Every structure is written in C-alpha cells, then in structure tokens.
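My entries follow in the order I made them.

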Amino acid sequence: MCGIIGYIGSKAAQPIVLEGLRRLEYRGYDSAGLAVLNGTGLQVRKRMGKINEGLACLLLDQPVHGHTGIGHTRWATHGPPADENSHPHLDQSGRIAIVHNGVIENYDRLKQRLTQAGHSFHSSTDTEVLAHLIGEHYQLHRDKPTSGNPLLLAVCDALREIIGTYGIAVICTDQPGILIGARRGSPLIIGIGEGEHFLASDANALVSHTREVVYLNDYDVATLTRDGFEVQNLGVVSAGFKISKLEFGSMDAERGEFEHFMLKEIFEQPRAVENALRGRVDTENATARFGGLNMTAAELRAIDRVIIAASGTSWHAALVGEYLIEELAHLPVEVEFAHEFCYRNAPLEPDTVLLALSQSGETADTLAALREAKRRGHRALAIVNVVGSSIARESDGGIYMHAGPEIGVASTKAFISTLTLLSLLGVHLGRMRMLSGNRALEILRALQAAPAQIEAILQQNHLIRQLALKYARADDFFFLGRGYTYPIALEGALKLKEISYIHAEGYSAAEMKHGPIALIEPATPTVFLVPQDAMYDRTMANLSMIRARKGPIIAVATEGDEQIRQVSDDVIYMPRTAEPVYPILATIPLQLFAYHMAVARGCDVDKPRNLAKSVTVQ
C-alpha cells in the first residue's frame with residue numbers, strides 16, 4: 001500500500017527518484033523520503049505529508065547528490081504518520097538504507113533480540129527492525145568473509161528470519177555499485193535501461209524511462225548494477241525471469257487537461273469499454289470469445305458453481321456479475337469478500353471455479369483467496385487490469401481489462417471495464433447452456449452501443465455539477481436500486497463516502513421499508529436508480545414511500561420517462577439499453593456526482609484521506 005522507487009546508473013538519482021515518487025503518491029501519501037549514495041556516505045531526506053508540501057520543499061533547501069538512490073511513499077501500518085516513521089530507515093551503523101512495503105509480523109520479537117544486543121531504534125515501524133536485522137547480518141559477513149557479495153548474503157539471511165510480507169529496496173555505502181530488491185507478497189518490478197536500471201513497486205513509476213520490465217516473483221532477490229541485473233531465489237539459486245513490455249506510455253499516466261485524475265479516468269470510460277470489447281464480440285455466433293481462460297468448451301460446460309472473490313469496488317462489480325451469470329447462464333454464483341473466503345471453511349463442490357476480480361492484480365486479500373482455492377484443488381480465473389501482476393500470473397486463466405493505468409484512488413474505469421467483461425462472460429457461459437442467440441445478440445449489441453451512450457451521459461457533466469452544488473451541504477445520503485442496479489447503489493454510496501467524506505448508505509429499494517426508512521427526512525437526499533426495466537413499477541412504489549416522507553429525490557432514469565419528473569426533485573437521464581447493460585450506464589452519473597460533491601466540499605479527490613489505491617497488506 002506504499003510506493004517504492006530505486007535507481008542505479010550514471011544520471012543524478014534525486015530527480016529520477018522524486019519523479020517516481022510523484023507518480024507513486026496515489027499508493028501512499030502519509031509521508032515520503034529518499035536516500036542517495038554520494039560516494040562517501042548516505043544522504044537521507046524524509047518528511048511527513050504530501051510530496052509537494054513536504055519532501056520536495058525539503059529537497060529545495062537540502063538537495064542530495066549521487067547516482068544510486070531509493071525512495072518511498074508511505075501509507076501507515078506500523079506507527080502513525082510522522083517524520084521519524086517515514087522511510088528510508090537505516091541500520092544501526094548508518095551504512096545501510098532500506099525502503100519497504102508490507103508487514104513484518106514477527107518484528108516485536110526481532111526488535112527485542114536486537115535491543116538486547118545493543119541496537120537503538122528511532123521509529124515505531126517494523127521496517128526499521130528489518131534494516132537493523134540486515135545490518136547485523138552484514139556485519140557478520142564483513143567480519144568473517146565468505147564467497148559472495150556480503151550485502152546480498154545479509155539481505156537473504158535477514159529475509160529468512162522474518163515472517164510476513166515485503167517488497168524492499170536496499171543500498172549500502174560499502175557497496176555503491178549495487179542496488180538490491182526482494183519481494184514476498186508485495187509487488188516489485190525491475191525496469192531495464194541502457195547503462196541504468198530501476199526498481200519500483202508499480203510500473204507507473206517507470207514509464208517515462210523504460211517500457212521493458214521484469215516482474216519479480218515471491219522469494220526473488222534481484223541485484224542491480226548500472227550494466228545489468230541478476231535474479232536469484234533468496235540468493236540460493238538463479239531464478240528464471242521474463243522480460244515484459246508495458247502496455248502504456250508516460251502520457252497515459254498524466255492528467256492532461258483535467259483538474260484531477262479521477263475526472264480524466266471518468267471521461268476515459270468510453271474508450272475503456274471499447275478496449276474491453278475489442279476482439280471479444282462474435283456477432284456471427286452470437287457469443288463472446290476469450291483467448292486467456294485456458295479452459296475448453298467441455299470444461300466450461302462442466303462448471304456447476306462460480307465463486308467470485310473481490311474487495312471494495314470490485315466486490316460491487318462481483319454482485320453485478322452474480323446477477324449476470326445466474327440469469328444468462330443459469331449457473332449458481334456466490335459472491336465472497338475475499339478476506340472472508342480465506343478464513344472460513346466454505347464447502348466447495350468439485351466443479352466449482354473461483355473468479356478473482358482486482359484492478360491492480362495485487363490486492364492481498366484477493367490474491368490470498370485465489371491461492372486458497374488453488375490449494376484446495378479448484379481452478380482459479382481472474383479479471384485484472386495489470387499485465388504481469390501477481391494475480392494475473394498465479395491464476396489458471398483470465399481476462400485483461402486493457403483499461404490503461406488508473407491513478408485516482410477511487411476506481412472508475414476499472415469498475416466499468418470489469419462490468420463489461422462480466423457481461424461478456426455471462427453471454428459466453430450462457431451460450432454454452434440455454435441462452436438464445438437472439439437474447440445474446442441483444443446484449444452484445446447493447447454493449448457495443450455503450451461507449452457512445454456513455455459519451456452522451458458525460459455531456460451532462462455540467463448539469464450533474466449543478467446538482468452537486470445544490471446538495472453539497474447534505475450530511476447523509478441514501479442510494480437505492482433494485483435488481484441489476486442494486487449493486488450500483490452500493491457503489492454510488494461508496495464513491496461518495498470515499499472522496500467527499502459524506503455518510504452514505506446503499507440499499508435495495510425494497511429493503512428501505514424494513515428499517516432504514518426511519519432515517520428519511522427533508523435533510524436526507526436519496527439517489528434513486530430507476531431505469532425502465534422489469535423492476536420499474538416496484539421501484540416507483542418504493543420511491544413513493546420516500547416521497548411521502550418528504551425526502552429529496554434525485555432520480556437516475558431512462559430517457560423519455562416523463563412520469564419520473566412528477567415524483568422527483570431532480571432527474572438525470574441515461575439512454576435506453578438492454579437490462580443487463582444498465583449497470584454500466586447508471587454508474588457514470590454517480591461517479592460524476594461524487595466527484596463534483598468532493599470538489600465542492602474542498603476535498604482532495606485523487607488522494608482521499610486514509611485510503612490507498614492498492615491494498616497489498618491483509
């Protein structure tokens with residue numbers, strides 16, 4: 001949940017590391033810091049707060065010089081945000097600097113041992129303990145030289161002692177020509193250059209320098225120099241690796257003309273849907289096709305149950321997937337919070353398939369769920385956005401979103417892409433069972449029309465901004481939907497909570513009368529999702545209950561619906577489409593509404609408090 005960047009080469013390290021940290025700030029922004037080797041020692045600069053308000057200002061007054069450096073943006077786990085808890089951390093001697101993502105579960109016991117041995121600690125982090133542990137082993141290897149690089153040996157010895165997860169970058173004043181990285185459970189990538197190499201926790205930090213990368217596997221330890229790199233498995237044997245090409249360039253990770261990444265990514269959604277559909281729609285056979293599921297038609301027909309594991313926004317997409325696959329393929333689907341699936345002994349029938357959903361492909365809970373399913377002998381598929389991510393590599397098959405980098409912490413285009421792919425998957429599985437060709441074609445054509453329809457909704461951006469200004473002082477919101485739009489009500493409430501800090505609740509519209517309606521009053525607006533679908537009349541009846549209690553109503557309705565105007569205070573219209581595609585269209589106005597509410601309330605849209613983009617710790 002933090003960002004790592006490392007550089008070794010002939011260029012000045014400070015600007016490269018600082019630029020990388022800015023590109024990684026969405027992964028953690030409690031504090032930031034860097035360490036650079038200057039030929040005689042380590043120069044460390046770190047400060048609490050966002051980069052431009054803290055570290056960058058510090059570096060203007062106290063720049064650092066050298067050609068090898070590491071940097072870190074922090075999202076606090078052990079120890080509150082504070083200058084002393086910021087990374088990098090040094091060992092007892094001050095010769096070794098380390099940055100770390102992950103959690104060292106046995107750090108207390110290690111800290112006690114090191115304290116008894118005379119070590120002094122200056123922070124409350126688990127990372128400083130790891131730095132001291134590496135330093136202790138390094139001293140042993142210096143005192144009793146053995147074959148091999150002493151820093152590499154020290155890192156490997158220390159990592160064998162710890163319990164937990166890590167992605168680390170390590171430098172040492174005695175070893176100015178090497179940069180060491182290692183991972184277990186936390187992503188780490190090598191960037192390959194000419195006469196220079198990079199380490200990063202996220203490819204976004206590398207795109208302005210290289211498009212060639214190596215995704216490290218768990219227990220890999222990499223030794224980087226200016227001219228090359230080696231990868232070993234905890235330093236024992238050489239490890240195989242694959243050089244991959246990044247799918248996106250540096251401009252894809254820039255805001256461009258938009259005020260915030262979130263707004264840019266909302267407006268990129270027509271293209272995101274097009275990319276998700278490209279090459280996957282087979283109108284001739286009225287089905288969808290996928291090249292990466294790695295399952296034969298017979299194996300797909302043999303599936304008798306699907307479990308979808310996800311967290312956060314992806315969990316809401318999973319709920320839509322449940323509706324889609326059960327209706328179109330008549331397959332029983334169960335949606336699980338990934339973290340709950342891992343820790344309960346749920347019975348799984350032999351032909352059960354687990355489907356993991358994750359934008360980053362590194363979500364720790366979802367990765368653990370995938371591993372648990374595979375451990376129990378079940379096939380595990382995935383829908384992810386990041387090629388080369390841990391979930392992508394460890395799944396038995398899957399589907400890439402191809403949505404491009406998503407920088408805003410609140411997921412937008414990845415959510416829409418996931419909905420699109422789940423719709424295609426529902427059609428694909430349905431056509432192998434009992435879904436008619438005509439019904440499948442109706443859905444496929446609706447999906448193909450969706451990009452233009454999303455563009456039409458985006459044209460209402462100004463109207464939605466005016467609605468946000470009208471309701472910006474509200475302290476509480478309800479979001480209601482039924483059927484396919486019930487999960488979208490949950491997602492709309494989450495978006496508003498995430499970025500505007502307004503208390504919001506999502507419910508099935510039918511569930512309101514079973515308790516929550518007690519909270520309805522003139523000061524509590526309700527966003528009602530009321531497409532003209534099979535549930536329209538029942539949803540309108542639920543809406544009337546809110547209206548009767550003088551609750552303000554913002555309706556998201558189908559174009560041409562004049563009845564809704566008579567019972568709502570405000571209406572946002574979306575184009576008519578096939579019922580399974582309404583979740584895609586209905587999401588857009590809720591994203592824009594949350595965005596403009598946050599801006600109106602002066603919130604930091606792209607970096608909401610207490611949140612990080614990719615949750616890589618359990």
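**Entry 1: helix H1**

In H1, I found Ala13, Gln14, Ile16, Val17, Leu18, Gly20, Leu21, Arg23 and Leu24 to be buried. Buried means under 20% relative accessible area, exposed means over 50%, and partly exposed lies in between (1.4 Å probe, protein chains only). Helices (H or I, at least four residues) and strands (E, at least two) are DSSP runs, numbered from the N terminus.

I note that this is a predicted model, in which local features need pLDDT of at least 70 and side-chain atom pairs count only at pLDDT 80 or more, while totals for chains, interfaces and linings use all residues. Residues are numbered from 1 along each chain as its sequence is written, and side-chain values use heavy atoms, with hydrogens and water left out.

Nine of the twelve residues of H1 are buried, so the helix is largely enclosed by the rest of the structure. I looked up what its buried residues pack against: strand E1 (3-8), strand E2 (31-37), helix H2 (55-61), strand E4 (68-74) and strand E10 (197-200). Contact here means heavy atoms within 4.5 Å.

I also checked the length of H1 (residues 13-24): its end C-alpha atoms are 16 Å apart, which agrees with the 16 Å that twelve residues should span at 1.5 Å a residue. The expected span of a helix is 1.5 Å times one less than its number of residues.

**Entry 2: helix H16 and what follows**

I repeated the length check on helix H16 (residues 486-500). Its 15 residues reach 21 Å from first C-alpha to last, close to the 21 Å expected at 1.5 Å a residue. In H16, 13 of the 15 residues are buried, so this helix is also largely enclosed by the rest of the structure.

After H16 comes Tyr501, and its phi is positive, near 65°. Arg609 lies over the face of Tyr501, at 3.9 Å from the ring centre. I also found Lys111 over the face of Phe121, at 5.3 Å from the ring centre. A charge sits over a ring if NZ of Lys or CZ of Arg is within 6 Å of the ring centre and within 35 degrees of the ring normal.

**Entry 3: the open sheet**

In what order do the five strands of the open sheet run? I read E24-E23-E25-E26-E27, with parallel pairing. Two strands pair if DSSP finds at least two bridges between them. The edge strands, each pairing on one side only, are strand E24 (503-508) and strand E27 (570-574). The twist averages 15° from one strand to the next. Axes are lines fitted to C-alpha atoms, for helices over the stretch in contact, and angles run from 0 to 180 degrees between N-to-C directions.

Helix H15 (residues 461-471) packs on this sheet and touches strand E23 (476-481), E26 and E27; its direction makes about 150° with that of E27.

Strand E26 (residues 553-558) pairs with E27 in the parallel sense over five bridges. Across from Thr558, the bridge partner in E27 is Met574, and Ala555 stands opposite Val571.

Is E27 mostly covered or uncovered? I found it mostly covered, with five of its five residues buried. In a regular strand the side chains alternate between the two faces of the sheet. In E27, Asp570, Ile572 and Met574 point one way, and Val571 and Tyr573 point the other way.

**Entry 4: aromatic rings**

Rings of Phe, Tyr and Trp (its six-membered ring) pair if their centres lie within 6.5 Å; planes under 30 degrees apart count as stacked, over 60 as edge-to-face and the rest as tilted. By this rule I have nine aromatic pairs.

The ring centres of Phe258 and Phe267 are 5.6 Å apart and the planes are at 35°, so this pair is tilted. Phe258 is partly exposed at 21% relative accessibility, and Phe267 is partly exposed at 25%.

The ring centres of Trp315 and Phe337 are 4.1 Å apart and the planes are at 10°, so that pair is stacked. Trp315 lies in helix H9 and Phe337 in strand E19 (residues 333-337), so the pair ties together parts that are 22 residues apart in sequence. Trp315 is buried at 16%, whereas Phe337 is partly exposed at 33%.

I also noted one aromatic cluster, formed by Tyr471, Phe477, Phe479 and Phe593.
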